[in-house]
Amino acid sequence: PRRTRRPTTTSAMYMARGGAIAFVASCFAAPVHRELLLDSVLDSVGHAAGTANSLVSATAESVATGSSSWLRWGRTDEESEPYVSTYTTENSSQPKPELLWSEKVMLMDGVGYHEHSHTAKDGYYIGNIPPIKRLGLPSLNLHDASQGVRTHHAAMIAQVTSWPCALAAGGTWDPALVRRWGVALGHEFLAKGVNVALAPGVNVARIARGGRNAEYLGGESAHLASRMAATYIEGMQSTGVRATVKHFGFNNQETNRNYYNARVDERTAFEVYYPPFEAAFKAGVAAVMCAYNLVNGTYACGSKELLTRDLRERLGFDGFVMSDWWAVHGFGYQNAGLDMLLPGNRMLTDGSHDFFSPDNLAKTSEPGVVDTAADRVLAEVLRAVPTCTPPYCGQEMLRARATSDEHVALSRQIATESVALLKNGGRLLPLQSGSRVALVGSACDARNDIDAMLRQWNLANYYTIGGSGRTIPLSPASVA
């Protein structure tokens, strides 16, 4: 029998009558790829014809044959070759370069999205900070999320590992295994051109039906989240990818996530909800993402009590703070401690709501705030591994194969280790050779509708969560 572990919060319990076998399987049947060991996107789709859909197949064929527009994403005939950073981490011992005003504000405001749209332009990542070409510095290519590279394009589905969710990884109660996972994730992000991962999520579960509980490492245990967050970050950042701990703070529900007000006293905050973030800071995490919700009456991304008093002065964080996407609702958030606005486009038709434009930053910033914010972001630019520069990232984003047989094996191990045996009545386990086993229920053969998930960004199924943390599997298999 497997060793007994304490179960995490969001789990499913299955009971076998007669033998009284009980176990907990975090995130139901954790997704593990079968078909990710093939050499090309086209071959993968062809081999998995019964599972993959026409959209994935057509996109993969287009990419594989070079007929897709990815070959010239962002380029016009008049433009020269794509910008390539000349900076290397060997330069990090040199004095920090001096930035012009225009360069400072570039580090604070995202680019790469269509105006008044939730959609990024071709060749751009989920988040993008442009390079400082005068100094040879790289762009910051930010991408989701905690359980793998977000598959926001059909061609990516066969190229990355659809890992078990973060809650399942926490359910292993094995920090060393989670560190290995962090290293593997870092390598996959790098292969896809990403140098800032929007991960991990460490919010402590407060509501059992919280829509993002599966994305967070520790369930309702602040101690478990703290242990796992530290090793996850250490593993990921050992590859050169910078990590982002999120969502600060008190992001415990999806219902009315942009409007609910979390009222929290200081003792509760510091004893229950802050420890995982503090552990991430001690592990050297590069960035913090502030949350959508309000905290004690003020939006989290504009709260000086949250981002300056608690985050920096009391918890000791010295990296930079980015907003969640479109989580800034007014001017002056930089004065509260926000260093980077993402994704940077205007969602309102009134151009004055480009809150972090150079003109608006000049008008609304307190003395020294822009200098300090840019300096924090610059420090991580100097630590990040230079990759491709958007919009010239088609090769990395749509063609690079990031998964491996080792990663698939590790995914299976995490899924298996996340299962905790609670009871073995009648000593029925381990099963004897030749035993007949019945698998009962719709989850045993749940449909993996890739077309539907590509049409609806927040759609989930038995194999993967919905939303920004979703990594769509090509051919999922349950632990069974």
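## Disulfides

The torsion about the S-S bond of Cys 290 and Cys 301 is about 105°, so this disulfide is right-handed. Their sulfur atoms sit 2.0 Å apart; to count as a disulfide, a pair of cysteine sulfur atoms has to lie within 2.5 Å. Before going on, note that this is a predicted model, where local features need pLDDT of at least 70, side-chain atom pairs count only at pLDDT 80 or more, and totals for chains, interfaces and linings use all residues. Residues are numbered from 1 along each chain as its sequence is written, and side-chain values use heavy atoms, with hydrogens and water left out.

Where do Cys 290 and Cys 301 lie? Cys 290 is in strand β9 (residues 287-290) and Cys 301 is in the loop between β11 (298-299) and α9 (304-314), so the pair ties together parts that are 11 residues apart in sequence. Helices (H or I, at least four residues) and strands (E, at least two) are DSSP runs, numbered from the N terminus. Cys 290 counts as buried, at 0% relative accessibility, and Cys 301 is buried with a relative accessible area of 0%. Here buried means under 20% relative accessible area, exposed means over 50%, and partly exposed is in between (1.4 Å probe, protein chains only).

How many disulfides does the structure hold? There are two, and Cys 388 and Cys 393 are joined by a disulfide too, with an S to S distance of 2.2 Å. The torsion about their S-S bond is about 110°, so this disulfide is right-handed. Cys 388 counts as buried at 7% relative accessibility, and Cys 393 counts as buried at 0%. Cys 444, on the other hand, counts as partly exposed at 37%.

## Aromatic pairs

A pair of aromatic rings is described by the distance of the centres and the angle of the planes. Rings of Phe, Tyr and Trp (its six-membered ring) pair if their centres lie within 6.5 Å; planes under 30 degrees apart count as stacked, over 60 as edge-to-face and the rest as tilted. By this rule the count is 10 aromatic pairs. Take Tyr 113 and Trp 326: their ring centres are 5.9 Å apart and their planes are at 80°, so the pair is edge-to-face. Tyr 113 sits in the loop between α3 (101-106) and β4 (127-129), and Trp 326 in the loop between β12 (320-323) and α10 (333-336), so the pair ties together parts that are 213 residues apart in sequence. Tyr 113 counts as buried at 7% relative accessibility, whereas Trp 326 counts as partly exposed at 26%.

Phe 248 and Phe 277 also make an edge-to-face pair, 5.0 Å centre to centre with 80° between the planes. Phe 248 is in strand β7 (residues 242-248) and Phe 277 in helix α8 (residues 275-282), so this pair ties together parts that are 29 residues apart in sequence. Phe 248 counts as buried at 0% relative accessibility, and Phe 277 counts as buried at 1%. Both belong to one aromatic cluster, together with Phe 250, Phe 270, Tyr 273 and Tyr 274.

A nonpolar core is a set of buried Ala, Val, Leu, Ile, Met, Phe, Trp, Tyr and Cys residues joined through side-chain atoms within 4.5 Å. Which residues touch the most other members of the largest core? Among its 103 residues, they are Trp 181 and Met 322. The largest share of this core, eight residues, comes from helix α6 (residues 222-237). In α6, 13 of the 16 residues are buried, so the helix is largely enclosed by the rest of the structure.

Leaving aside neighbours within four places in sequence, Trp 181 is in contact with residues including Trp 163, Leu 217, Tyr 232 and Ile 414; contact means heavy atoms within 4.5 Å.

## Strands

Strands pair if DSSP finds at least two bridges between them. Strand β5 (residues 140-143) has Leu 140 and Leu 142 pointing one way and Asn 141 and His 143 the other way, and all are buried. β4 and β5 pair in the antiparallel sense over three bridges, with Asn 128 opposite Asn 141 in β5. β5 also runs parallel to strand β6 (residues 196-197), joined by two bridges, and His 143 stands opposite Ala 197 in β6.

Elsewhere, three strands form an open sheet in the order β8-β10-β11, with mixed pairing. β8 (261-262) and β11 stand at the edges, each with a single partner strand, so one side of each is left without a neighbour in the sheet. β8 and strand β10 (residues 294-295) run parallel and are joined by two bridges; the partner of Ala 262 in β10 is Val 295.
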